[in-house]
Amino acid sequence: MEFPAEFLNALKNAESVLFFTGAGISAESGVPTFRGKEGLWKNYRPEELATLNAFLENPDRVWEWYEFRRGIVRKAKPNAAHLAIVEFEKYFREVVVVTQNVDDLHNRAGSREVYELHGNIEKNFCLRCGKRYDAKEFNDSEHAPHCPGCGGLVRPAVVWFGEALPADVMKSAEEAAKQCDVCFVVGTSAVVYPAAYIPFKAKSSGAFVVEVNIQPTEFTPYANLSLTGKAGEILPEVLRKLKEVR
Ligand code: BV8
Ligand code: ZN
């Protein structure tokens, strides 16, 4: 695969690289995307399940859907794209991952600096006292569990529609976007806000922004370069080229 000189120069001179990732980076691990034809949402519209109201209205239905997704995620393994990002850490002072995914695959791949803007499906917390619990503490309960401490309802520690993103995580992500020299936008339809502001923040701070996707997205017109193809094929290709230029 050939890459334009401008991109190779940006990689050659970069100190800090940011990877902004969405569900598409986990597609090759067998984790369905959200809005693709085989999307997780296929029987439901996202707003129907990934909201606090939906959970309060029918805790067991939403809990069951997250248990179904945890089953998929636990069987999944980090793929060549996640692993290539870890390899990048050998070649740059700083490699930061800002992900919208809740599937824990960047952590499991071994990335050192990961900001999970939408939380993590392996974590829960009590709605009443806020106590945090690992998903494994309520393994296979098909009912939304109650907090052993106070009896409150326990929910997945993910950011639902209409909920604020964790302010500290968003702040670190924005900081990373401002600092980075190259920003990869990988496997995201770039329609969910405020997360989708991150690549724009990188761009407006002067980063060279490269999109990696199997098809054009809302962000494509703003990218310096769009690499069309699967993340699991393209990122290892970029890494191979990187070894020649760094
Ligand atoms: C909020 C966690 C207010 C749960 C998720 C403007 C500003 C602020 C908010 C809004 C706004 N406009 C609208 C809103 C509201 C809303 C929103 O953005 N709606 C959208 C749908 C229009 N935003 C919110 O509600 C946010 N909160 O605004 O709160 C507030 C503020 C202050 C105080 C109080 C309240 C919260 C949004 C977070 C929702 N939670 N997930 C869970 O996972 O169950 S969102 C969900 O979408 C996932 O996190 C997912 O990651 C994310 C984005 O989707 P993508 O990752 O992009 O996945 P998608 O399937 O769409 O695309 C996959 C892509 O991969 C495709 O492009 C495909 O081509 C590509 N692909 C496929 N295979 C491959 C590939 N690419 C490469 N290789 C492959 N092999
Ligand atoms: Zn509690």
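This is a predicted model: local features need pLDDT of at least 70, side-chain atom pairs count only at pLDDT 80 or more; totals for chains, interfaces and linings use all residues.
Before you click: residues count from 1 along each chain as written, while chains are lettered from A and ligands numbered from 1 in the order written. Local features need pLDDT of at least 70, side-chain atom pairs count only at pLDDT 80 or more, totals for chains, interfaces and linings use all residues, and side-chain values use heavy atoms, with hydrogens and water left out.

Start by colouring domain 1 (1–30 + 78–118 + 165–246) and domain 2 (32–75 + 120–158); these bounds come from an automatic or database domain assignment. Their C-alpha centres are 27 Å apart. Across the boundary, 14 residues of domain 1 are in contact with 13 residues of domain 2 (heavy atoms within 4.5 Å).

Next, select ligand 1 and show what surrounds it: 37 residues, each with a heavy atom within 4 Å. The closest are R35, Y66, R69, S189 and N213. By type, the shell holds 18 nonpolar, 14 polar and five charged residues (Asp, Glu, Lys and Arg count as charged; Ala, Val, Leu, Ile, Met, Phe, Trp, Tyr, Cys and Pro as nonpolar; the others, Gly among them, as polar).

Now zoom in on polar contacts (pairs of N or O atoms within 3.5 Å). R69 puts a polar side-chain atom 2.6 Å from a ligand 1 oxygen, and H118 has one 2.8 Å from an oxygen of ligand 1.

Conventions. A polar contact is a pair of N or O atoms within 3.5 Å; within protein, one must be able to donate a hydrogen and the other to accept it, and residues adjacent in sequence count only if both atoms are side-chain atoms.
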